[in-house]
Amino acid sequence: MTPSLRTVFPLDPGFDETVARIEKLRLRVWSKIVGDSMARERFGRDSVDCRSIHVLLELNERLIAAARVTLCKEKNDVPDLISFQHCLEEMHFPLAVMSRTVVAEAEQGRGHSTLLTSERMKLAEENKMREIWVESDQRRTSHLCNDLGFRIAAESPDKTVPGKWWLLRKGLLSRKTL
């Protein structure tokens, strides 16, 4: 059976309930990697969730993957400053930040993350963002750079999640097209 893709916007009916479902999935997956306390702190529901667009994959009404994209008009809108603070001066607004990707353990390795990324990139383009930024672990960085056109902007200073993490960016619109 093929999962269904759904995009949820902040003003949609049932938005809060959907974000609560996403939070449960995030905590279930990330707790096994960083522990319960750090999972709640770094991947629990935050104020950015309420102003972001969420892309979901559901199978038989069961949430199996989710990710958010935050449309940022200015520096104050950028989420996850623990990671992006040192790159603020080189960002070109308006921009999109893709974050909080999570895939249920039993569903990993099936291309769900790639589908969520493609959908969020489309949303950024449709909303005329100049750039897209994302924090990526070492194993996904080559796919994002080689296949989707991102480039490494910096190493992430956030060390709460094990492994090497990178801040990636991709230009979408030039000043001439704005």
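Me: Is Asp137 buried or exposed?
Reply: This is a predicted model, in which local features need pLDDT of at least 70, side-chain atom pairs count only at pLDDT 80 or more, and totals for chains, interfaces and linings use all residues. Residues are numbered from 1 along each chain as its sequence is written, and side-chain values use heavy atoms, with hydrogens and water left out. Buried means under 20% relative accessible area, exposed over 50%, and partly exposed in between, with a 1.4 Å probe and protein chains only. Because its relative accessible area is 16%, Asp137 is buried.

Me: Where does Asp137 lie, and which residues does Asp137 touch, not counting residues up to four places away in sequence?
Reply: Helices (H or I, at least four residues) and strands (E, at least two) are DSSP runs, numbered from the N terminus, and Asp137 belongs to strand 5. Contact means heavy atoms within 4.5 Å. Leaving out residues up to four places away in sequence, Asp137 touches Lys164 and Trp165.

Me: In what order do the strands of the sheet stand, and which strands are at its edges?
Reply: Two strands pair if DSSP finds at least two bridges between them. Seven strands form an open sheet with mixed pairing, in the order 1-2-3-4-5-7-6. Each edge strand has a single partner strand, so one side of each is left without a neighbour in the sheet, and these edge strands are strand 1 (4-8) and strand 6.

Me: By how many degrees are neighbouring strands of this sheet turned against each other on average?
Reply: Axes are lines fitted to C-alpha atoms, for helices over the stretch in contact, and angles run from 0 to 180 degrees between N-to-C directions. For neighbouring strands of this sheet the direction is ignored, and the average turn is 25°.

Me: How many bridges join strand 5 to strand 7, and how many join strand 6 to strand 7?
Reply: Strand 7 (residues 165-171) is mostly covered, with six of its seven residues buried. Strand 5 (residues 131-137) runs antiparallel to strand 7, and Ser136 has Trp166 as its bridge partner there. Strand 6 (residues 151-155) also pairs with strand 7 in the antiparallel sense, with Ile152 opposite Leu168. The bridges number seven between strand 5 and strand 7, and between strand 6 and strand 7 they number four.

Me: Which residue in strand 2 is the bridge partner of Val8?
Reply: Strand 1 and strand 2 (residues 53-59) run antiparallel and are joined by five bridges. In strand 2, the partner of Val8 is His54.

Me: Why do helix 1 and helix 2 count as oblique to each other?
Reply: Helix 1 (residues 15-34) and helix 2 (residues 36-43) have axes 7 Å apart and pack at an angle of about 130°. Angles under 35 degrees count as roughly parallel, over 145 as roughly antiparallel, 65 to 115 as roughly perpendicular and the rest as oblique. Helix 1 and helix 2 are therefore oblique.

Me: Which residues of helix 1 and helix 2 make the contact?
Reply: Helix 1 contributes Arg26, Leu27, Trp30, Ser31 and Val34 to this contact, while the residues from helix 2 are Asp36, Met38, Ala39, Arg40 and Phe43.
The residues of this contact divide into six nonpolar, one polar and three charged, where Ala, Val, Leu, Ile, Met, Phe, Trp, Tyr, Cys and Pro count as nonpolar, Asp, Glu, Lys and Arg as charged, and the others, Gly among them, as polar.

Me: Is Lys128 buried or exposed?
Reply: Lys128 lies in the loop between helix 4 (112-126) and strand 5. Although it is not a glycine, Lys128 has a positive phi of about 55°. Its relative accessibility is 56%, so Lys128 counts as exposed.

Me: Where is the cis peptide bond that involves Pro94?
Reply: Most residues other than glycine have a negative phi, and most peptide bonds are trans. Pro94 is in the loop between helix 3 (81-84) and strand 4 (95-103). With omega at about -5°, the cis bond joins Phe93 and Pro94.
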